[in-house]
Amino acid sequence: LSGVASCPPDQLFSAVGAGLVASGVVTDAAGNSANLSSNPFNIQFAAPTITVTLSPAANANGWNNGPVTAHFVCDENGQPLAGCPADIVTATEGANLTVSGSVTDASGVSASVTSALFNIDLTPPVLTLAAPNGASAVFVSPVNLTGSAMDALAGVDTVTCANAPASLLAASVACTVALTQGPNSIDAVATDRAGNTTTLSLPLQ
């Protein structure tokens, strides 16, 4: 009837937020006014991100010999995002293991991540070693010792006899050790690629 006297100008919302509301007042020439508010709305400028890191780091052979912890970090618009997965600890043996996680922001947008492959071996290798014919008394020095070293998961990395490298061919072990007159105790150590060790003491005289 009297016409509009004033109408709110456009409103610019430029900050990230949730539950935002635009409101305004319109007035006619007779001095009547009306208020209006929009439905709540959300603004986000970037999708959520999620990353995962593994600790401890694997050894030079790519193996761990203990539990591995996956830690997740979730971010949105440069700020930490609630609902990020808790740390996941993997304590079971296996090769090419992975851990996955996901997060969803307030607007329902999700992000997910899968860790790099990792390997865990908790079991020491199996080592056998004996003098020729299984004898415990020998009459020559040095003596040639033979045996085997096996590791079903990571594989055997090294074997030593009396602190000297042994010959390792497939699962067969051979080493030559100098003895002194009288009782001797020869220590042999097998180490797998994950760093687990087995020590064997062989008494000879």
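Trainee: Hi! Where is the place of serine 14?

Mentor: Serine 14 lies in the loop that runs between strand E1 (4-6) and strand E2 (17-20). Strands here are DSSP runs (E, at least two residues), numbered from the N terminus. This is a predicted model, where local features need pLDDT of at least 70, side-chain atom pairs count only at pLDDT 80 or more, and totals for chains, interfaces and linings use all residues. Residues are numbered from 1 along each chain as its sequence is written, and side-chain values use heavy atoms, with hydrogens and water left out.

Trainee: Thanks! Is serine 14 buried or exposed?

Mentor: Serine 14 is exposed, at a relative accessible area of 55%. Exposed means over 50%, buried under 20%, and partly exposed in between (1.4 Å probe, protein chains only).

Trainee: New topic: in what order do the four strands of the open sheet come?

Mentor: The order is E17-E16-E20-E21, with antiparallel pairing. Two strands pair if DSSP finds at least two bridges between them.

Trainee: And which strands stand at the edges?

Mentor: Those are E17 (164-165) and E21 (197-204); each has a single partner strand, so one side of each lacks a neighbour in the sheet.

Trainee: How many bridges do E20 and E21 pair over?

Mentor: Eight, with E20 covering residues 184-192. Aspartate 187 sits opposite serine 201 in E21.

Trainee: Which residues touch the most other members in the largest nonpolar core?

Mentor: Leu145, Val159 and Leu204, out of 20 residues. Such a core is a set of buried Ala, Val, Leu, Ile, Met, Phe, Trp, Tyr and Cys residues joined through side-chain atoms within 4.5 Å. A second, separate core has 14 residues, among them Ala70 and Cys74.
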